[in-house]
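Below are some notes for a colleague who is opening this model for the first time.

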Amino acid sequence: MKNQTLLLIVMLISFSVNAQTFAVKKINTETITKYLNKPVFNDEYNKYVKQAYSVTVPSNMQKNTSSDYTSYIQDALNKNDVVLLPNTVMEINDKGLNLNSNQVLLFQPNSKLVLIPSAKKGYNMLNIENVNNIKIFYANLEGDRVNHLGSDGEWGFGIGIKGSDSIKIYSPYIKNTWGDGIYLGQSGNKPSTNIYIANAVIDNVRRNGISIISAKNIDILNSYIANTNGNIPESGIDIEPNNIADDLDTVNIKNLTTFNNKWAGILLVFEQYKSSQKKTVSINIDGHTDSYSKYGIAFHGFKNDTTASNLDGLINLKNTRYDNNKDKFFFYKSNLSNLNLNTTDSTLKTKFNNFKLK
């Protein structure tokens, strides 16, 4: 009887460990400040502050953090090229803010945009669509995932960039969005091009930290993405085209740290590229550190198809460090076609080649 009781206890402990759900790991203030590293951009920021229009709102609103600032900020954006936000917490509604071409948006040390709880399946707190030549300094955005009014959808974004060119985003801090922290995609078959994102910190967003859907000449530098969870794919950066018209051309990710994301630090999915049309990709990842995500990096080619051969191109992957993962690398049972991987990790190289077209 004692042996049976002991066996039951062991089984219950084992079940409890295996059934544990994802848990957010709090990011301390020192880590956030370190990765944002705003002083690197302060010279350029201060240059723009001198010429900026300061958004003004009625004095009674400044004392009431539950007021809706959307229309006041949007009016300033529509009338001025360089806009400085008030140095306070401001709520905006799910219409979000639309940026215009040739615009600079500046956040002050205490500036913060918080989304009023929404029932919408999708939103862009900052919407950048079919525009060019935009700079955003020190965006501080908090979505509504905690108090969202519905359960549907996965497209509530902190910053949505579609079909736009020459966009620079410096030291954004984004958390608690209903979908992605940042989304990079196309508009009218036009990819987003020449996008620069530096020193981003993205925490506890619901779908992906950054989704790269259709983009050319993209630089994501010195960034930190943590605690992505809630709606698949639940990865730090997800590189995943929606269809054959989407482009992944010269996507550069350098010095990325991912931490405690529910699925992968970086996920690459090419399923929607399966076609009779040849598709070439170019992805460069230099310096990726992950800890506590389920997988450091994961690859997904063409599932249930061992013959499709239209995918070509090169993924460069170097200077990686993966710790405290279930596995460093994960491969879906799929065909990676003629895609090539350049890496010094012989184990990864062998695994990758086993999924290539034979």
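1. K318 counts as partly exposed, because its relative accessibility is 44%; buried means under 20% relative accessible area, exposed over 50%, and partly exposed in between, with a 1.4 Å probe and protein chains only. K318 belongs to strand β25, residues 311–323. Strands (E, at least two residues) and helices (H or I, at least four) are DSSP runs, numbered from the N terminus. Apart from neighbours within four places in sequence, K318 is in contact with I285, D286, G287 and H288, contact meaning heavy atoms within 4.5 Å. T343 is 25 residues from K318 in sequence, and their C-alpha atoms are 5.8 Å apart.

2. On provenance: this is a predicted model, in which local features need pLDDT of at least 70 and side-chain atom pairs count only at pLDDT 80 or more, while totals for chains, interfaces and linings use all residues. Residues are numbered from 1 along each chain as its sequence is written, and side-chain values use heavy atoms, with hydrogens and water left out.

3. An open sheet is formed by 9 strands with parallel pairing, in the order β4-β7-β10-β13-β16-β19-β21-β23-β26. Its edge strands, β4 (97–98) and β26 (327–331), each pair on one side only. Two strands pair if DSSP finds at least two bridges between them. β4 and β7 (residues 122–129) pair over 2 bridges, and N98 has N127 in β7 as its bridge partner.

4. Helix α6 (residues 346–354) lies across β23 (295–300) and β26, at about 15° to β26. Such angles run from 0 to 180 degrees between N-to-C directions, with axes fitted to C-alpha atoms, for helices over the stretch in contact.

5. Which peptide bond is cis? The bond joining I232 and P233 is, with omega about 15°. P233 lies in the loop between β18 (224–226) and β19 (235–239). E234 is found in the loop between β18 and β19; its phi is near 55°, a positive value in a residue other than glycine. E234 is buried, because its relative accessible area is 8%.

6. Y138 also needs a look. Phi of Y138 is near 65°, positive in a residue other than glycine. Y138 sits in the loop between β8 (132–137) and β9 (140–142), and is buried, with a relative accessible area of 5%. Most residues other than glycine have a negative phi, and most peptide bonds are trans.
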